[in-house]
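Come along and check each entry against the picture.

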Amino acid sequence: MAEPLLELRHVRKAYGALVVTDDVSLSVEPGELHAIIGPNGAGKTTLIHQISGTLPPDSGQVLFGGEDITRLPMPRRVRRGLARSFQITSILPGFSALENVALAVQARSGSSFRFLGNAAQEKALNGPAMECLDLVGLSPRAYVPAGLLSHGEKRQLELAIGLATEPKLLLLDEPLAGTGHDESQRVVETLRRLKSRLTIVLIEHDMDAVFSLADRVSVLVYGRVIATDTPERVRTNPEVRAAYLGEEELV
Amino acid sequence: MTELAETPSAPAPSLTTRLELIPIVLFAAFAAAPLLATSSGAEGYVLSLLTRVMIFGIAAMALDLILGYGALVSFGHAAFLGLGGYAVGILASHGIEDALIQIPVALAGSAVFALATGAISLRTKGVYFIMITLAFGQMLYFLATSLAPYGGDDGMTLSSRSLVAGSGILENDFAFYWVCLFCLLGTYAFSRALVASRFGRVLRGTRENTTRMEAVGFQPFRFQLVAYVISGMMAGLAGCLLANQAEFVSPAFMTWQRSGELIFMVVLGGLGSLHGAIIGAAAFLLLEEFLPEILHAAGFFLSEETRSHLAENWKMVFGPLLILVVLFVRGGIMGLLRRPHHG
Ligand SMILES: Nc1ncnc2c1ncn2[C@@H]1O[C@H](COP(=O)(O)OP(=O)(O)OP(=O)(O)O)[C@@H](O)[C@H]1O
Ligand SMILES: [Mg+2]
């Protein structure tokens, strides 16, 4: 098998006495959709923070494409192809949806130290941005200020922004949280289409979505990975059942 | 993707065009003012007052660039007025009186100071940024007071205004007025282009959500630093003009009160519109100038004695008035001009 795209080696993070990431070792293969599930407070978001560079781990290593990126700040990781979305929506509320995405396109296309020319009119930025909005089904709302979008639309916008950075690996922190049924169906369909194009690490509480999308599932409980396997085998893993999921939820 | 170009990018283009009217009217008023000044009889007074307004307009606009568009509350921006002023004063005292040398030196000095202090200040956030910019401003202020060869506390009087390529044209108040208007217009046009550019869009993005900007791959610090340097240079230019207007430089150019006044002008005019800062500077300086008379006139129903008391102690009214504007007129004067169109 090819070398993993993302590899965590003995990553550890503690807040005082609370160990939130406990010796996590994990590898994500190129092209797979790797879901991370776990109960509330298991440390999933904290793990994403450490992979994306939002927070430094206390110890251990993060390797991306074989290179150690443990000490690299977030913007540099993004430029290497590692993008993330946030569990708590993080967008630019005063910018239109299109401009939110166009900024991500701008970040990877040429220098942003250009002091002349109207950026909002640049077709080379707006074109790809519109395609990303299209992909998540948000293009009809392109010119609406992002702050005025519905909660579900904001979640879709986060996804579009992440895509616009043209990542090799996309880290999604509960993209379905708080979306309505139709919106969440659409996001699942979008992810299904994206699966063939890029590697995805998906954190999600919606088990239907996880088991229909994931190639592999890792289960995180109290900061520890207790299992990494195919969805079917995770579903039947007694340890997982005991530690985490209500029996009926998995059947 | 082709239909993209045809789709209107703003829901109400009429609103934007209507707002463009404000800067047009503003600059037309500045252009027409000298003609009115001639007919007013107090030509010198009107010209010098309006020249000051334009100079502070440049400085306030410089501050708006980082405060309004980058949410960076610099409490030491008067330092750049001082830098510009002292560059003119010190060079002139050594016989270098040409603006073509003085201004580039002032700009370079401001840029270096901004780069050094910005690189440190921008590592802090919020109230710490305010305090550290204040501290750097004070540092420069105390340096100026200790410059004994250049007047120390008392400052120094310029023997004449700067030359321009050897000619003393700026001695003419009208010519100097037009030069200041030209500088105001130039810095305004440049700033407008800047905030709409790729660079400006990143700066505006960092104002709204720094984490999001990092998460798409920008390093906010660099953009903030460059904006800080540009803003400092513009304020430095205003300092050069101010020294020429007053024909005098002193540490008073860069007191922290002056920095506070600059912030006030920007907030009064309305953050983040550039021409709002110019309007704010105008409102501030004109109010400061005419409030005593206004109070005297407004108190017509009071006894003559109370009226003159009121006029003498106009600052007691000025302060609360400013507070009321900030509290009740959200978005400053620009917010006021915008509001009626919205409903
Ligand atoms: N800055 C912090 N300081 C102290 N404790 C923290 C901090 N951030 C998170 N925690 C704690 O770490 C634990 C893991 O939090 P985290 O947000 O990573 O969980 P999660 O798996 O993403 O949960 P959820 O499913 O609710 O999103 C929680 O107990 C949380 O209270
Ligand atoms: Mg979480």
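**Entry 1: a serine in a loop.** Before I start, I note that a residue counts as buried when its relative accessible area is under 20%, and as exposed when it is over 50%. I also keep in mind that this is a predicted model. I looked up Ser139(A), which sits in the loop between helix H4 (123-135) and H5 of chain A. Is Ser139(A) buried or exposed? Its relative accessible area is 19%, so I put Ser139(A) down as buried. I then asked which residues Ser139(A) touches, leaving aside its neighbours within four places in sequence. I found Met130(A), Leu133(A) and Asp134(A) in contact with Ser139(A).

**Entry 2: the sheet in chain A.** I followed the strands next and found an open sheet of four, in the order S2-S1-S4-S5, with antiparallel pairing. Which strands form the edges? I noted strand S2 (18-28) and strand S5 (67-68) of chain A, each of which pairs on one side only. Helix H1 (residues 44-52) of chain A packs on this sheet and touches S1, S2 and S4. I read about 120° between the direction of H1 and that of S1(A). Inside the sheet, I counted five bridges between strand S1 (residues 6-15) and strand S4 (residues 59-64) of chain A, an antiparallel pair. There I spotted Leu6(A) opposite Phe64(A) of S4(A).

**Entry 3: two helices in chain A.** I turned to helix H3 (residues 97-108) and helix H5 (residues 151-164) of chain A, which pack at about 20° with axes 8 Å apart. That angle is why I call H3(A) roughly parallel to H5(A). Their crossing is right-handed. On the H3(A) side I listed Ala97(A), Asn100(A), Val101(A), Ala104(A), Val105(A) and Arg108(A). H5(A) brings Leu157(A), Ala160(A), Ile161(A) and Ala164(A) to the contact. By class I wrote down eight nonpolar residues, one polar and one charged.

**Entry 4: two helices in chain B.** How far apart are the axes of H4 and H10 of chain B? I noted 6 Å for helix H4 (residues 78-93) and helix H10 (residues 220-246), at an angle of about 50°. That makes H4(B) oblique to H10(B), and the crossing is right-handed. From H4(B), the contact takes in Phe80(B), Leu81(B), Gly84(B), Gly85(B) and Val88(B). Among their partners in H10(B) I picked out Tyr228(B), Gly232(B), Gly236(B), Gly239(B) and Cys240(B). My tally for this contact reads nine nonpolar, six polar and no charged residues.

Note on methods:
Residues numbered from 1 in each chain as written. Chains lettered and ligands numbered in written order. Predicted model: local features only at pLDDT ≥ 70, side-chain atom pairs only at ≥ 80, totals over all residues. Heavy atoms only, no water. Axes fitted to C-alpha atoms, helices over the stretch in contact; angles between N-to-C directions. Parallel < 35°, antiparallel > 145°, perpendicular 65-115°, else oblique. Left-handed = near helix turned anticlockwise from the far one by under 90°. Contact = heavy atoms within 4.5 Å. Nonpolar A, V, L, I, M, F, W, Y, C, P; charged D, E, K, R; others polar. Pairing = 2+ DSSP bridges. Buried < 20%, exposed > 50% of the residue type's maximum accessible area, 1.4 Å probe, protein only.
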